Amino acid sequence: MILQVTIAVPILAAALLATAGRWLPRLVVDVAAVLAVAAVAALSALTLTRAPHHAQVSWLGGWGPATGVGIPLVADPFAAGLALVTALLTLAALLFSWRFFTEIQAIFHTLMLLFLAAMVAYVYTGDLFDAFVFFELMSVVAFALTGYRSEEPSTVHGALNFGIIQSIGAYLTLAGIALVYARTGRLGLATTGRQLAGSGAGGHGDALVTAAFVLICTGYLVKASAVPFHFWLADAHAVAPTPVCVLFSGIMVPLGVYGIARTYWATFAGLVPLRAIAVLGAAAALLGAVMCVLQHHIKRLLAYSTISHVGLLLVGVAAHGPDALAGTAYYLAGHAGVKGALFLAAGALLNRHETVDEHELRGRGRGMPVTGATFLLGALGLAGLPPSGLFAGHAVTEHAAEELGWWWFTPLAIVASALTAGAVLRVWLGVFRGTPAEEDPAHRGRPGVGGGHEDPETRPTLRNLPWTMLTPGLVLLIGALLVGLIPGGPVGTAAAMFTDRDGYAALVLDGRVPHPHAVPADPWTASGVAGFLATLLLAALVAGYALRRRASHSASDPASDRQGPLARTAAAAAARLHALHSGHIGDYAAWLTAGVAVLALLTARF
């Protein structure tokens, strides 16, 4: 019953607030929503403590596995841990929103609670079709949250891009599920996995199985913002309310990675290769990092940072083993905390100064020491500061990649982390340590600068930020920086359980908790520390170079117009990248179609 209650609590609270919220005082609405989310967090924590030793499986409607049509909710340690992270991020976002919005009605709390319920149900479901249902519920609610401030044209544009691209991906996922059902007559992950494993010739799937996997993964890759499915993300983050961005970058996008991993290991393990996912993940890591450096709209900058780091998560999943998955778990938890804290800090800047444009904010953050510390520690966290989750994730995944002969993973991770950390460090140096100045005319009108005046989401502008806007970000950041202290043994065991298809089937269908032999994942390695030092050095160079280049482009410097061939080539490449991210839905749909073809070709080839 605990799994059903975990999902039911936010739904019931949402229904109550949707019905009576307009007549309730604002404080009552806030408290009711926070208490509901806190209850979900407590239930998820309880489930996590029980998952390694007790079968946490519930069959909805009383239909058991013997009927062949039952719908299970399954909580292994990975699923329970992810549900806990989801609840904690939602709790931080709701606390932050107590004083954040100019006008807020209970509909916002209703949507946030439904969003939480959809994400938790998606994590726990053991059925392909129900995963699609909760996937779509998640997308519909996210669409409404993205367009919450619908009086602004840019908000409507970003929300429409989000909704259309997500819908196309969902339709393709449904087509893949239909192919699986046509082959097996089953929709349960465990039952379908057993049947496909028994029918696979020589351990390999046929063309229909490959096509089904590609189509199912397409929707999840859209959610995960892998290249070239990523175009919607920055547009949505730029216009969505800040508390919503916390959930988008912190957990909704990583849930796409979880969907791929769960579907593969429970159903398609050994039947299709995963190296195509590694190729798309590597492309996302590099492109997201480069685009992150090119941004000066802070929310867009953080969105492209998410694309880059989720690309590394995809590579970890594609590394095809419990060690790499253990590293991915560390990395996901650390990234969720760091990115949530950075978006909350960006929201504080928006409230105080009515803009999140890096140039306009230059030196204006000196009176915000807590927000400045959040940006500095966030930059170090993205660089892999020990003992953060990102540090542990890098080290553990690097070891697994070396065993596969993937020598390129380490330089990829260092470059991607250095560029994203360097961009955030540049923001800290310019906004919180720089000297206030007028907007640099050299940057006015350039693509990718973005920003300008934005309506604050609090009214009146708060001179002193309340604890509800400062504490959630600090708590998330501290948690992210301490994730790496979690012992490697439990994480390694959880990863081994997750990657054991027969064990998952035994848990779901027979009620037996698997106890696979697992070597503890050790994040404290010399190469891991060396990787952090190299990343930090490169990040400092990136930030320093960007600030020096900005100074050289001041209007008073006549040498600023004289660029060498290398600089002109870099500027042309940057302009081309910005042009690709045009904001036109037709372009994004075309890239999505091309991405499906590339994924199918790579999967068939490998």
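Which residues of helix 10 meet which residues of helix 13? The legends below begin with that contact.

**View 1. Helix 10 against helix 13 in the predicted model.** Thr242, Cys245, Val246, Ser249, Gly250 and Pro254 of helix 10 meet Leu332, His335, Ala336, Lys339, Gly340, Phe343, Leu344 and Gly347 of helix 13, where contact means heavy atoms within 4.5 Å. Helices (H or I, at least four residues) and strands (E, at least two) are DSSP runs numbered from the N terminus. This is a predicted model in which local features need pLDDT of at least 70 and side-chain atom pairs count only at pLDDT 80 or more, while totals for chains, interfaces and linings use all residues. Residues are numbered from 1 along each chain as its sequence is written, and side-chain values use heavy atoms, with hydrogens and water left out. The axes of helix 10 and helix 13 (residues 322-353) come within 8 Å and cross at roughly 165 degrees, which makes helix 10 roughly antiparallel to helix 13. Axes are lines fitted to C-alpha atoms, for helices over the stretch in contact, and angles run from 0 to 180 degrees between N-to-C directions. Angles under 35 degrees count as roughly parallel, over 145 as roughly antiparallel, 65 to 115 as roughly perpendicular and the rest as oblique. The crossing of helix 10 and helix 13 is right-handed (a crossing is right-handed if the near helix is turned clockwise from the far one by less than a right angle, and left-handed if anticlockwise). By class, the contact of helix 10 with helix 13 has seven nonpolar, six polar and one charged residues; Ala, Val, Leu, Ile, Met, Phe, Trp, Tyr, Cys and Pro count as nonpolar, Asp, Glu, Lys and Arg as charged, and the others, Gly among them, as polar.

**View 2. Helix 10 against helix 12.** Helix 10 (residues 242-268) packs on helix 12 (residues 298-318) at an angle of about 20 degrees, and their axes are 10 Å apart. Helix 10 is therefore roughly parallel to helix 12. Their crossing is right-handed. On the helix 10 side the contact is made by Thr242, Cys245, Ser249, Val253, Pro254, Val257, Ile260 and Ala261, and on the helix 12 side by Lys299, Thr306, Val310, Leu313, Leu314 and Val317. These residues divide into 10 nonpolar, three polar and one charged.

**View 3. Helix 12 against helix 16.** The axes of helix 12 and helix 16 lie 10 Å apart, at an angle of about 165 degrees, so the two helices are roughly antiparallel to each other. The crossing of helix 12 and helix 16 is left-handed. From helix 12, Ile298, Leu301, Leu302, Ser305, Ser308, His309, Leu312 and Val315 meet Phe409, Leu412, Ala413, Ala416, Ser417, Thr420, Ala423, Val424, Arg426 and Val427 of helix 16. The contact of helix 12 with helix 16 has 12 nonpolar, five polar and one charged residues.

**View 4. The largest cavity.** The structure holds seven cavities of 30 Å³ or more. On a 1 Å grid over the protein atoms alone, a cavity is a set of points where a 1.4 Å probe fits but cannot get out, and lining residues have an atom within 4 Å of a point. Grid points are joined across faces, edges and corners, and a volume is the space filled by probe spheres set on the points. The largest cavity holds about 130 Å³ of space. Its lining has 14 residues, of which His394, Glu398, Ile414, Gly531 and Phe532 lie nearest its centre. Helix 15 (389-404), helix 16 (409-432) and helix 20 (526-552) are the elements that give two or more residues to this lining. The lining of the largest cavity divides into seven nonpolar, six polar and one charged residues.

**View 5. The second largest cavity.** This cavity has a volume of about 80 Å³. Tyr122, Val123, Thr125, Asp127, Leu128, Ala131, Leu189, Tyr220, Tyr258, Gly259, Arg262 and Thr263 line the second largest cavity. Helix 4 (106-124), helix 5 (128-146) and helix 10 each give two or more residues to the lining, and helix 10 gives the most, with four residues. By class, the lining has seven nonpolar, three polar and two charged residues.

View 6. The peptide bond from Val227 to Pro228 is cis, with omega near 0 degrees. Ser225 lies in the loop between helix 8 and helix 9, and its phi is near 60 degrees, a positive value in a residue other than glycine. Pro386 and Pro387 are joined by a cis peptide bond with omega of about 0 degrees.

Technical notes:
On a 1 Å grid over the protein atoms alone, a cavity is a set of points where a 1.4 Å probe fits but cannot get out, and a pocket is an open set with protein on both sides within 12 Å along at least five of seven lines; lining residues have an atom within 4 Å of a point.
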